[in-house]
Amino acid sequence: MSDYEFSIDGASCRIWPDGPAWEGAPAAAIGQLRIENPQAGADLLRRAVVELEGRGRARILAPMDGDTWHAYRAVTQSDGSPPYLLEPVSGPHDVAALKAAGFPPVTGYVSSRAPVPPPGSPAPDVPGITVQAWDGQGAETLLDRLFALAGASFADKLFFKPIDRAGFLALYQPLLARIDPRLVLFAFDASGDLAGFLFGLPNWREGPSPETAILKTYASRRAGVGHLLAHEFHERAREQGYAQVIHALMHVDNVSLARSALHGGEVFRRYTLFGRR
């Protein structure tokens with residue numbers, strides 16, 4: 001079933017009847033919320049639920065633009081700082097409307113901010129692994145590598161839904177002009193095979209000379225590789241003159257949150273994914 005626009009006076013959204021699986025059953029997704037007031041938003045969401053139940057979807061996730069590759073999650077707590085590059089942004093009435101329409105929280109995420117570490121921080125010991133920054137060449141080859149490893153590494157994650165190569169390229173090709181190759185890292189094992197990658201970029205929303213680097217995502221095929229990649233990212237961020245690092249959109253139960261704390265990371269934003277069964 002194709003996605004489609006759904007609206008009433010004062011509110012609109014987009015509906016994806018074929019969203020990710022939730023607890024082994026197919027779920028729909030509701031995203032792109034545009035809500036003028038909580039009452040209109042709640043009415044919209046209630047009608048969307050009835051619409052989807054008529055299509056055989058008894059499980060619904062929101063806000064989610066179809067899957068976790070695209071925008072999802074609502075901001076539920078913030079220190080008031082401006083959004084950073086690629087961060088999901090909520091409307092002022094989204095959370096109230098979701099709660100009023102009977103969407104309880106399903107799971108949570110956080111972003112934290114940490115100072116770059118001082119020189120001499122010890123690197124994790126991961127035998128046989130070397131880390132290299134992208135040389136800025138062969139963008140298509142870079143994206144093919146990321147596509148292959150990301151699909152395999154994220155397959156067991158909550159609400160994972162496969163994406164085809166064309167969809168993946170549509171997401172990442174527009175970012176190439178914003179990437180600093182020195183913040184895109186690859187880990188290789190002793191045989192030269194790709195063991196992990198880390199995708200980072202400057203927070204260009206701070207202006208042409210940002211002080212913050214964003215650790216957007218990383219994936220690995222071997223224990224310890226992600227930790228090593230994160231260490232190398234922080235080292236390179238310091239060498240390039242960044243003052244701080246954002247650890248972006250970590251699941252509250254993920255080991256990356258504990259590692260962020262070890263780097264001095266302090267949570268400044270919390271996000272929630274809501275859902276109805």
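Me: Which helix gives the largest share of the lining of the second largest pocket?

Reply: Helix 5 does, with 4 residues. The model is predicted: local features need pLDDT of at least 70, side-chain atom pairs count only at pLDDT 80 or more, and totals for chains, interfaces and linings use all residues. Residues are numbered from 1 along each chain as its sequence is written, and side-chain values use heavy atoms, with hydrogens and water left out.

Me: What makes this space a pocket and a residue part of its lining?

Reply: On a 1 Å grid over the protein atoms alone, a pocket is an open set of points where a 1.4 Å probe fits, with protein on both sides within 12 Å along at least five of seven lines; a lining residue has an atom within 4 Å of a point. The second largest pocket holds about 190 Å³ of space, a volume filled by probe spheres set on the points. Its lining has 13 residues, and P122, H227, H231, L262 and H263 are the closest to the centre. Helix 5 (225-239) and helix 6 (255-262) are the elements that give two or more residues to this lining. A helix is a DSSP run of H or I with at least four residues, and a strand is a run of E with at least two. By residue class the lining holds 6 nonpolar, 5 polar and 2 charged, where Asp, Glu, Lys and Arg are charged, Ala, Val, Leu, Ile, Met, Phe, Trp, Tyr, Cys and Pro are nonpolar, and the others are polar.

Me: What makes the pair of F147 and F168 tilted, and what does it tie together?

Reply: The angle between the planes is 50° at 5.4 Å centre to centre, so the pair is neither stacked nor edge-to-face. F147 lies in helix 3 and F168 in helix 4, so the contact joins parts 21 residues apart in sequence.

Me: What makes R73 a charge over a ring?

Reply: NZ of Lys or CZ of Arg must be within 6 Å of the ring centre and within 35 degrees of the ring normal. The charged end of R73 sits over the ring of Y109, 4.6 Å from its centre. R276 likewise lies over the face of F103, at 5.8 Å from the ring centre.

Me: Why is strand 11 called largely enclosed?

Reply: All of strand 11 (residues 194-202) is buried, 9 of the 9 residues, so the rest of the structure largely encloses it. Strands pair if DSSP finds at least two bridges between them. Strand 11 runs antiparallel to strand 10 (residues 184-188) over 5 bridges, and to strand 12 (residues 212-220) over 7 bridges. F186 has F197 in strand 11 as its bridge partner, and F199 stands opposite T217 in strand 12.

Me: What is noted about the backbone at E23 and at P63?

Reply: Most residues other than glycine have a negative phi, and most peptide bonds are trans. Phi of E23 is near 55°, a positive value; E23 sits in the loop between strand 3 and strand 4 (25-26) and, at 55% relative accessibility, counts as exposed. The bond from A62 to P63 is cis, with omega near -10°, and P63 is in the loop between strand 6 (60-62) and strand 7 (74-78).

Definitions and conventions:
Phe/Tyr/Trp six-rings, centres within 6.5 Å; stacked < 30°, edge-to-face > 60°. Buried < 20%, exposed > 50% of the residue type's maximum accessible area, 1.4 Å probe, protein only.
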